[in-house]
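Biologist: I am new to this one. Can you put it on screen and take me through it?

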Amino acid sequence: MTTRSIRVPDDACCLDCGYSFFDLTSDTCPECGRAYDSADSSTYFTRNSRRSWRTGARPPSSVDALIVFASTVYVLNDVSSPGAPSPGVWFYFVIAGIWLYHLFDCIRRHEACRRDAPRAARDRKPRRRTRWQWFVGPACVVLLLPVFLRSDWPLRARFALSRRAFEAVQ
């Protein structure tokens with residue numbers, strides 16, 4: 001019995017791990033288990049091709065999610081500290097830019113996951129469960145929306161949390 005290799009370009013590689021598909025006999029990557037279609041060039045990449053939209057078919061990176069979370073915590077701390085020196089308006093524009101980038105990146109990635117679902121169903125190994133990155137952005141928006149609507153809940157929460165410590169010292 002002879003094994004046939006699947007017809008892909010000689011320099012075709014996996015979108016996830018970069019494994020070379022040269023002389024493969026199956027339609028899944030032996031390194032990471034990602035399925036690919038030899039007739040669809042967006043399921044693999046070559047040296048001469050541009051990256052496909054399929055490379056975005058994964059959750060936002062942990063670094064992006066942590067940056068958005070840290071900036072949210074900073075803003076909540078700054079809003080709940082009356083009388084403390086503020087870094088300036090330009091700093092809040094930078095933070096708003098970070099949040100907008102994260103929002104549009106999440107929308108793009110969600111659309112890529114939706115479009116990639118039929119191919120992802122053929123993967124040999126299921127992807128790691130990294131759903132928490134999807135919820136960081138919306139959770140930060142929910143926390144900050146009342147702040148931008150002129151609510152003083154961060155100040156009240158900080159006072160309520162520090163009140164017992166203040167009374168213990170007194």
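Biologist: Which side chain does Asp105 meet in a salt bridge at 3.0 Å, N to O?

Modeller: That is the side chain of Arg109. A salt bridge here is a side-chain nitrogen of Lys or Arg within 4 Å of a carboxyl oxygen of Asp or Glu. Before going on, note that this is a predicted model, where local features need pLDDT of at least 70 and side-chain atom pairs count only at pLDDT 80 or more, while totals for chains, interfaces and linings use all residues. Residues are numbered from 1 along each chain as its sequence is written, and side-chain values use heavy atoms, with hydrogens and water left out.

Biologist: Where do Arg109 and Asp105 lie?

Modeller: Both are in helix 2, four residues apart, about one turn of the helix. Helices (H or I, at least four residues) and strands (E, at least two) are DSSP runs, numbered from the N terminus.

Biologist: Is Asp105 buried or exposed?

Modeller: Asp105 is buried, at a relative accessible area of 4%. Buried means under 20% relative accessible area, exposed over 50%, and partly exposed in between, with a 1.4 Å probe and protein chains only. Arg109 is buried too, at 13%.

Biologist: What else is linked to Asp105 and Arg109 in a network of salt bridges?

Modeller: Arg108 is the other member of that network. Its side chain meets Asp105 at 2.7 Å, N to O. Arg108 and Asp105 are three residues apart in helix 2, so about one helical turn separates them. Arg108 is partly exposed, with a relative accessible area of 44%.

Biologist: How many salt bridges does the count come to?

Modeller: Three, by this rule. One of them joins Glu111 and Arg114, with the closest N and O atoms 2.5 Å apart. These two also lie in helix 2, three residues apart, about one turn of the helix. Glu111 counts as partly exposed, at 32% relative accessibility.

Biologist: Let's step back. What pattern does the chain follow along the sequence?

Modeller: The pattern is β-β-α-α-α-α, that is, two strands and four helices.

Biologist: How much of the chain is buried?

Modeller: Buried residues make up 31% of the 170 residues. The chain exposes about 11900 Å², and carbon and sulfur atoms supply 61% of that. Accessible areas come from the Shrake-Rupley method with a 1.4 Å probe, and for residues only the protein chains shown count as cover.

Biologist: Which residues form the nonpolar patch on the surface?

Modeller: Leu100, Leu103, Phe104 and Ile107 form it, with about 410 Å² of accessible area together. Patches are made of residues with over 30% relative accessible area and no salt bridge; like charges are joined within 9 Å, and nonpolar side chains (Val, Leu, Ile, Met, Phe, Trp, Tyr) within 5 Å. Leu103 is in helix 2, residues 89-120, and is partly exposed at a relative accessible area of 44%.

Biologist: And inside? Which residues are in the largest nonpolar core?

Modeller: It has 10 residues: Ala65, Val68, Val75, Leu76, Ile95, Trp99, Val136, Cys140, Leu144 and Val147. Helix 1, helix 2 and helix 3 (132-148) each supply at least two residues of this core. A nonpolar core is a set of buried Ala, Val, Leu, Ile, Met, Phe, Trp, Tyr and Cys residues joined through side-chain atoms within 4.5 Å.

Biologist: What does Trp99 touch, leaving aside neighbours within four places in sequence?

Modeller: Trp99 is in contact with Val68, Ser71, Thr72, Val75, Leu144 and Phe148. Contact means heavy atoms within 4.5 Å. Trp99 sits in helix 2 and is buried, with a relative accessible area of 18%.

Biologist: Last one: what does Val147 touch, not counting residues up to four places away in sequence?

Modeller: Val147 touches Leu76, Val79, Trp153 and Pro154. There is also a second, separate core of eight residues, among them Ala12, Phe21, Cys29 and Tyr44.
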